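Subject: Structure handover

Hi,

Here is the structure you will be working with. Please open it next to this email and follow along.

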Amino acid sequence: MSERKATIQVDSLELSRQHEIMDRIRENNEMEYAKTGKKPAMHVLTFGCQQNNADSERIKGMLNQMGYAEAPSTQAADVIIVNTCCVRENAELKLYGHIGTLKHLKRNNPRLIIGVCGCMMQQEHAVEMIRTKYRYVDIIFGTHNLYKLPELLERSKNEKYTLIDILNTEGMIVEDIPVKREDKYKAWVTIMYGCNNFCSYCIVPFVRGRERSRKPQDILEEIRKLAQEGCKEVTVLGQNVNSYGKDLEDTVDFADLLRMVNDVDGIERIRFMTSHPKDISDKLIETMRDCKKVCEQLHLPFQAGSNTILDKMNRKYTKESYLEKVRKAKEAMPGIALSTDVIVGFPGETEADFEETLDVIRQVEYDQAFMFIYSKRKGTPAAELSEQVDEEVKHKHFDRLVKLQNSVSRKLNEAYMDRIVEILVEGPSKNDPERLTGRTRTGKVVNFDGFDKPQRDTLIGSLVNVRITEVFSWFLNGTVTD
Ligand code: SAH
Ligand code: SF4
Ligand code: F3S
């Protein structure tokens, strides 16, 4: 069967049914508001990656359309949705802790509905755990059917038991779900779902299904609408954006899509993640170089430096071919900021293998690295490998890696001293409301001054030039030059 046939498009009838339910719930909520003067409220807790954040924006969008206001905390909410991640074991453990803390809220608010969804719920053992040990959870749903939230919410009001709705499909694409975005000036846009790579340590392909790409016209329509609403920066998302379009009838690849997004008026900056090193092409690097709005930033996870480990991880590239791609990217875009993901302690990783990882960090010089200790995931091929690395060794290696990376990040930030950089202003600085904060095209956080209060408010969402006057490991300070 071709990949394309595996993609299910939810029919418009099914979606219009969900919209009818949303209208019904909204009417009820409005009636209640008129009676009590208190708007029913929702709170969504999100764990995991940008993909889950993007999904949570849809969950909030639906709840918003159903007439729920956003509650500042779980205590003030009438509906709580917990969107889960299972990429590492500690993500799962943390989640059980959080759900445990919600139990007492039901005593204070008997009408409270608790829903648990997301990647972790695509695993039978986790659903079983919630169903039996956390019986006050009202709804469980998965990654493939969040569009059904209105129906589940309506049904759960009359259910005594936990309502469970998980689809074990190869995956589908659902357009036209309302979205409530976190930011006005920057937005996540999912361009594809799922993953076909099956890296041997990773659970994502099992909980997110097969790769499926949204149609370019749907993506562009979403981005044009964002631009009309004032959005300046989009980050397009997928587990492996470099394989965008392979499952579509049109011959369009990720580089073509980037060019199309680059042509959308009003959008000033484009970022994307994640790129798999095996699929990053010369065409993509040239497109990044040529498209003025595409930022000089690339997240390119290498995971491990040793070819033996890369092979066992099923990553399908070598240290040498990875370094060659980095060289090409740096040559095409001098000053490009690189970031990466690294795993320490994959089964069988020796001292010499680990040294290869440190060598990649030294050679490439990443601005930022997300570093993880290998976590055994049930159902993945690597979990079956016998030579699991000793916990103490894993932690020692991890500490060495973090120390090296911190010194590299610091060194790269120091090169920003006295430079003038373009910042997209995001808002007041967290630690000092008299100052503004924003990011460079390379993704560095910069706090800066140079404006009085009325000016500050009008600048949010615009681009300004800032001279860097102070550097730290994780952010920069500066003063406006224009
Ligand atoms: N699709 C993206 C990332 C998905 S998960 C990519 O391939 O780059 C994000 C990161 O979590 C991965 O890059 C990897 O570094 C880490 N990760 C995934 N599974 C893991 C595991 N079992 N143990 C430790 N880290 C893991
Ligand atoms: Fe996981 Fe590999 Fe897919 Fe990334 S590319 S989501 S690490 S299987
Ligand atoms: Fe976690 Fe799912 Fe993302 S497992 S890392 S939330 S795709």
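First, a term you need. A cavity is a set of grid points where a 1.4 Å probe fits but cannot get out. The largest cavity here holds about 190 Å³ of space. Please keep in mind that this is a predicted model.

**Cavities**

How many cavities of 30 Å³ or more does a search of the whole structure find? The search finds four. Back to the largest cavity: 14 residues line it. Those closest to its centre are Thr 143, Leu 146, Met 172, Val 174 and Tyr 193. Two elements each give two or more residues to this lining: helix 3 (50-65) and strand 8 (172-173). The lining of the largest cavity has seven nonpolar residues, three polar ones and four charged ones. Which domains does the lining draw on? At least three of its residues come from domain 1 (12-165), and at least three from domain 2 (183-294).

**Second largest pocket**

Next, an open space. The second largest pocket has a volume of about 530 Å³. Its lining counts 20 residues. Arg 58, Val 179, Arg 181, Glu 222 and Lys 225 are the closest to its centre. Which helix gives the largest share of this lining? Helix 8 (residues 216-228) does, with five residues. By type, the lining of the second largest pocket splits into 12 charged residues, seven nonpolar and one polar.

**The chain as a whole**

Now zoom out. The chain has 15 helices and 21 strands. Its radius of gyration is 23 Å, close to the 23 Å that the globule rule gives for 482 residues, so the chain is as compact as a globular protein of that length. Along its principal axes, the C-alpha trace spans about 65 × 60 × 45 Å. Of the 482 residues, 55% count as buried.

Look at ligand 2 next. Which residues are around it? They are Cys 195, Asn 197, Phe 198, Cys 199, Tyr 201, Cys 202, Val 204, Pro 205, Gln 239, His 276 and Arg 315. This shell divides into seven nonpolar residues, three polar and one charged.

Then move to ligand 3. Around it you will find Gly 48, Cys 49, Asn 52, Cys 85, Cys 86, Val 87, Cys 119, Arg 208 and Gln 239. Five residues of this shell are nonpolar, three are polar and one is charged. Gln 239 is listed around ligand 2 and also around ligand 3.

**Backbone points to check**

Some background first. Most residues other than glycine have a negative phi, and most peptide bonds are trans. A few places here are worth a look.

- Met 273 and Thr 274 are joined by a cis peptide bond, with omega about 5°. Thr 274 lies in the loop between strand 13 (269-273) and helix 10 (282-290).
- Asp 176 is not a glycine, yet its phi is positive, about 65°. Find Asp 176 in the loop between strand 8 and strand 9 (186-190).
- Gln 303 also has a positive phi, about 70°, and is not a glycine. Gln 303 sits in the loop between strand 14 (297-299) and helix 11 (307-312).

Are Asp 176 and Gln 303 buried or exposed? Buried means under 20% relative accessible area, and exposed means over 50%. Asp 176 has 61% relative accessibility, so it counts as exposed. Gln 303 has 7%, so it counts as buried.

**Two more residues**

Met 62 is in helix 3. Its relative accessibility is 1%, so Met 62 counts as buried. Met 62 and Ser 275 are 213 residues apart in sequence. In space, their C-alpha atoms are 30 Å apart.

Asp 449 lies in strand 19 (residues 445-449). At 31% relative accessibility, Asp 449 counts as partly exposed.

Best wishes

Conventions. Residues are numbered from 1 along each chain as its sequence is written. Chains are lettered from A and ligands numbered from 1 in the order in which they are written. This is a predicted model: local features need pLDDT of at least 70, side-chain atom pairs count only at pLDDT 80 or more; totals for chains, interfaces and linings use all residues. Side-chain values use heavy atoms; hydrogens and water are left out. A residue is near a molecule or strand if one of its heavy atoms lies within 4 Å of it. Ala, Val, Leu, Ile, Met, Phe, Trp, Tyr, Cys and Pro count as nonpolar, Asp, Glu, Lys and Arg as charged, and the others, Gly among them, as polar. On a 1 Å grid over the protein atoms alone, a cavity is a set of points where a 1.4 Å probe fits but cannot get out, and a pocket is an open set with protein on both sides within 12 Å along at least five of seven lines; lining residues have an atom within 4 Å of a point. Grid points are joined across faces, edges and corners, and a volume is the space filled by probe spheres set on the points. Helices (H or I, at least four residues) and strands (E, at least two) are DSSP runs, numbered from the N terminus. Domain bounds come from an automatic or database domain assignment. The radius of gyration is taken over C-alpha atoms; the globule rule is 2.2 Å times the number of residues to the power 0.38. Buried means under 20% relative accessible area, exposed over 50%, partly exposed in between (1.4 Å probe, protein chains only).
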